[in-house]
Amino acid sequence: MAPYTYLLYACSGMGYPSMAKSRDLFPGALEMMILRSLQLRPMHGYALVQHIQQGSDELLQVEEGSLYPALQRMLKAEWVVAEWQISSTNRRVRTYSITPAGKKHLAEETSRFEAMLKGIQLVLAH
Amino acid sequence: MATLWSGRSSVEELSEEMESHILEKADALEASGLSPDEALRSALRSFGNQALLRDRSEDVWSDTLLRRALTCLRFASVQLRREPLFVGVCILILGLGIGANTAIFTGLYHSAFRKLPVSDPDRLVFTTIASPAVPGIPLQLSMPLLSGLEARSTDLESLSGWMHDRVMVPDANGEQRSLSAMLVTVNAFDVLGVRPAAGRLLLPADALHNSAKPWPVVLSDSYWSSRYHRSPSAIGEHVMLSGHEAEIVGVAPYGFNGITPNVPVEMYLPIAFYDLQRPTVRRDPLREPGCLAVTAVGRLREGVTIHDADLQLDQVTRTWLQQQMASLAAGNSVYRGMTMHLSSASRGQQALNEYRPTLTLLQLLMAGVLVFCCISVAGLQLARGLERTHEFAVRIALGANQGNLIQQCMVEAMLLAAGGALLAVPIALVGTQWLSDFLTKPGAGEMTVVHPNWLVLVSAVAVAMVCTVLVGIVPATFASQASPAAVLHSKSTLRRPPSFASRVLLITQLAVTFLLIATASYSWRTLRHLSGQQLGYNPRHVTEVSAQFQELDRSPQGIMDLYRGLLSALNQHSGIESATDAWITQLTTFDPQINVAVPGDERVMQISFNQIGPLYFRTLKTRLLAGREFAEGDTDDDHCIINELAARQLLNVSATQAIGRKIRVSFYNELNGICEVVGVAADAKFADIHAAPPPMLFLPITAHSVHLGGYNVNMVFLLRGSDEQALERAYVEVLAKLAPGIGHQRFLPMERQRNDALGRERLLAYTMSFFGGLAFLICLAATLSLLLMRVRQSIPEIAIRVALGASPRQAAGIIMREMAALLALGIVFGLALLGGAVLFSTHALHVQRPADLIDVCGAVILLLIVTCIAGGVPAWYAANLQPMKVLCRDA
């Protein structure tokens, strides 16, 4: 399979069945999806996985192996903050919320992604 | 209750977060129909390795570069810990190389480069007087001349006067100690631009001293430390100096020793204190223009060169100076035609000038030693690197690239160099202290002060580190080029051995070892020759000591009576075999010349001259060939003693025939007369141990000579006795009885004075022997390692030869032939290096016979021993190879 085909799958939000690993997403895709999810409401780790999975119609599988380092990166960059809360199942969970810096970053990344996607689509259309 | 958390997650928090994630997922799976156990197992399985995830999450927060460096460092130390012998030898070699270079360059720096630790030292100048009667000897000034010069318009911005002296100070036990002091004009510190470490320095008001006030005294930092433990309360304390009350007003800065940077000075007093130190009967440099005893240190105006200022000074002062000296010039030729000159004082009065060529030679050799150390470490690293070929191959097979291996080797090399640098610090400290001992001026009685130069230590560390690291990465470079599969499969060493590099290392090692051994051999022969030759006197069991009789307010005759009284008491004391006194002691390089002639003969000779007391020749065990020693009754200049050489050259007679002959003597018009020869002594070395015994004339110490001795001359007592401590006790006891309250300087064994006179030779001999021996051992170890390495590389080749019918002797011959070739090349290269050293010794040190065939032969024999031992082991190994086993293994 040619590289651009894989890229297309990844960029269009579709998981690629045989290579469904988060590292196969383009750099920054996971962070973008986490920020977008958190923009809707604060979530804990498991809820984020579920939200992305269901939101992508089960096409994208977010592995925990990628989620937690990504969350730590985002905490370090101050795009998100975390606080301990009690979940609906009465369990202590760590809930993440998006910060203004995170919102700004999401807007920039979304805009850049859309421009890139448009460019790729134009190339593929010829 | 939720806790606000926005920073870095702790390990516990990450664990809890992951745990709750897994449980949430298990709940969801359970809700979808799985049993609780299955749901939990499935959730755990899909989550993956929690520890790994925690590590990755932690890594986000850690500095990757630092973490990698730390990991690398940890790994390198683990690797090095596995080979303590290799590490120990490398660190020892590097530590010695760096430490020795630091110590020797410290000496060289002090003798050749170090400037006074004062403000803008390049503008400081000595003002001296030149006299045609004593060419090449700069004379000092007197205070009247200094004041007159200050009043004249010259390029000197300011001018100060310095006089070295000794003062008596009670120690903690109340005993009087004679300490080194500088008597200075009150502007001395301002001229030099020095600031106090505590309190204040001398002020203009201190020049106007009155008896109601104590004398202001400024302590040196070292005396403040040793006597007052740097206590600020010492400032303002009153002390008795030579019986006069003084007040400590301040402390000079650390490292400041006035204008004598390597000679310790304990305190600074106004120059007017001199009046109290001297009775009026002596010559007075504060008032007599012709008493030239004040060192004048001035500061040039900004932008003026010494050359221009010197020309201007000569123009301005020539007529004035000759007018000032006119009355004296009639009676003494020294005062005729005097001119004033300037010379740089940026380095002060250097006590170490004469050691400069020796230290330069040593520094060159030490630089060679440092290179040798780096080469040896390189050889050891190379051998070790090749031993690790399999390790490198495994790492390459596991994914390491060339960069990883080089980085690893570099870190290991840096650790070795850092270890060497750490060891170098104590070696440099001990080495510098040891060096000070050799740099002591003969007869000075004071230890030369040198401190380690840290800048040099850093430079030497940098050089060693660069060399070690550069060579350390060579094995990794070779290893990364090899195919790991081939290396691991064959179980043998590299296929592309760095044979050229190892050959060059071996040849250089052999050459430097040759040079060091040959130089050490030469140095020892010279030292043995000089110390074993006949001095003409026996310095064993003779102790020198002086007392400060000039402190006593007595007439010259009174002091003369005291000398005689002391000698009489000392000679009667049970602890003393014999005692005498003299003006000049042996081997101090001070060699005054006296004009002598036979009455009626116009021919005038200049010969060495000394003034001595009774029993001089007996005390020194110099043979008296004819006549007698001076007796107590010889209290005028009518009698003299000469040595055999003087009898032959001046009187042209034998020793016996010289007795009763008359000699006309003249010493700067101050000693003039005719004396009768009452004794002839055997020839003996006098001022310079390197020179042949000179013709000599001895005059008795008299009241006249005490008077002429001027303001600062004390006779030195020479005491013979086998028990040095008994001698010292006896002297102190007699002194306390006859001249209570008089301090004495420290006791100095005459043998020590001889050793000091041989300082250059001893320094060279000891240093070169140490490093020659060390080089021998290092060369042996390094050559052995490299040869073994090369034998291992050649195992298949040797095995094939043996399999094809070569005998064990022929197999061993391969190694020995190679070693012989390397030895020959090493000796040729070493001879070239020795040639360079000989050239330098001849030109810079004026050594007539810098190396002999015996030194070369000795070095060659020792290197042959190295070859036999270092080549023998691998040769034996080669001779005992079992070819089939080797070839089957490598197949």
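## A first look at chains A and B

Chain A holds five helices and three strands; helices (H or I, at least four residues) and strands (E, at least two) are DSSP runs, numbered from the N terminus. This is a predicted model, in which local features need pLDDT of at least 70, side-chain atom pairs count only at pLDDT 80 or more, and totals for chains, interfaces and linings use all residues. Residues are numbered from 1 along each chain as its sequence is written, while chains are lettered from A and ligands numbered from 1 in the order in which they are written.

Starting at the N terminus, the order of elements in chain A is α-α-β-α-α-β-β-α. Chain A has 126 residues, of which 31% count as buried (20 or more other C-beta atoms within 10 Å of the residue's own, with C-beta atoms placed from the backbone).

Now to where the chains meet. On chain B, 21 residues are in contact with 20 residues of chain A (C-beta atoms, placed from the backbone, within 7 Å). β1 (4–5), α1 (11–31) and α3 (50–61) of chain B each give two or more residues to this side, and α1(B) gives the most, with eight residues.

Within chain B, the axes of helices α5 (residues 84–113) and α14 (residues 402–438) come within 6 Å and cross at roughly 40 degrees. Axes are lines fitted to C-alpha atoms, for helices over the stretch in contact, and angles run from 0 to 180 degrees between N-to-C directions.

Here is the make-up of both contacts, with Ala, Val, Leu, Ile, Met, Phe, Trp, Tyr, Cys and Pro as nonpolar, Asp, Glu, Lys and Arg as charged, and the others, Gly among them, as polar.

| Contact | Residues by class |
|---|---|
| Side of chain B that touches chain A | nine nonpolar, seven polar, five charged residues |
| α5(B) with α14(B) | 17 nonpolar, nine polar, no charged residues |

How values were computed:
Contact = placed C-beta atoms within 7 Å. Buried ≥ 20, exposed ≤ 12 C-beta atoms within 10 Å, placed from the backbone.
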